Amino acid sequence: MAEKPEQDREDRVFTALADATRRAMLDRLFDRPGQTLNELVSGLGMRRQSATRHLKVLEAAGLVVVRWRGREKQHYLNPVPIAEIERRWIDKFARAPARALVELRQTLERGEEEG
Amino acid sequence: MSRAETVPAETGTQVFVQIIAADRARVWQALTSAEFTAQYWHGTRVRSDFRVGSVVEFLVDGDEVGCRGEILVSEAPERLSYTWQFPRNPLVRDEAPSRVTFHLEALQSASGETATRLTVVHDGFPQGSRMQELVRPGWPAVLAGLKTLLETGKTPDFSSMT
């Protein structure tokens, strides 16, 4: 296995995630898998052309997978590349500290909401 | 973005895709033989003759059945499908079966390297399924372990997986 294709793939995942609109699209697909372009567009209040462009980036990164159901093109979040990043980067360097910080932040934010 | 407009998923279908630098025959073997699954699939040993209508079981702790199902499609090395139940987990013991389907597509790079695009589709969940929440983080862990095993020969560290 050559190093290059793996690196290219990882680059595409990080690039795809480095955009708030694309992350919002992933959140939407997590909440409701299998949405069509029209459903995504109306849910996010964005232009069709822009959504298509963002979806292409997400598909190229393997973060969004397309399935056809009859004539309907459905979009699904594929969490596997994110799991790979977790294994490659978070497990290796920062699992315990990262979890502690996430929990701390959640505790503090809960406190704010209640208070 | 309001949560209120988020209606429940039509089918709750979940899709997972992993690209593995191995040919389809090896990926198929890794999905259907106990020596392989024991190394990447949460330590379980798969048992089945993989004929349509046969039972498939995932054994843990010796001979105890963890997950089980019935083979629906078995077309080596392209497509494998079975029903899915988890009788060992009290949370989902009585839940109606869902369905798992593996699609194996052959890929070839410009330099002639062979790879397989493995797509796992888990669908057919009953209304109010709790299995759905179990398999969501489950499949990425299994697929990451499978990739590691086939590409490096290393058994993944299960202690770091949840």
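Trp84(B) and Trp139(B) are both buried, where buried means under 20% relative accessible area with a 1.4 Å probe and protein chains only. The model is predicted, so local features need pLDDT of at least 70, side-chain atom pairs count only at pLDDT 80 or more, and totals for chains, interfaces and linings use all residues. Residues are numbered from 1 along each chain as its sequence is written, chains are lettered from A and ligands numbered from 1 in the order in which they are written, and side-chain values use heavy atoms, without hydrogens and water.

Start with the rings. Trp84(B) and Trp139(B) form a tilted aromatic pair, 5.9 Å centre to centre with 45° between the planes. Rings of Phe, Tyr and Trp (its six-membered ring) pair if their centres lie within 6.5 Å; planes under 30 degrees apart count as stacked, over 60 as edge-to-face and the rest as tilted. Trp84(B) lies in strand 5 of chain B and Trp139(B) in helix 3 (residues 131-152) of chain B, so the pair ties together parts that are 55 residues apart in sequence. Helices (H or I, at least four residues) and strands (E, at least two) are DSSP runs, numbered from the N terminus. Ring pairs also link a cluster, and Tyr82(B) and Phe102(B) are among its members.

Now follow the strands. Strand 5 (residues 79-84) and strand 6 of chain B run antiparallel, joined by 6 bridges. Tyr82(B) stands opposite Val100(B) in strand 6 of chain B. Strand 6 of chain B also runs antiparallel to strand 7 (residues 114-123) of chain B, with 10 bridges.

Thr101(B) sits in strand 6 (residues 98-108) of chain B. Thr101(B) is buried, at 9% relative accessible area.

Methods:
Buried < 20%, exposed > 50% of the residue type's maximum accessible area, 1.4 Å probe, protein only. Pairing = 2+ DSSP bridges.
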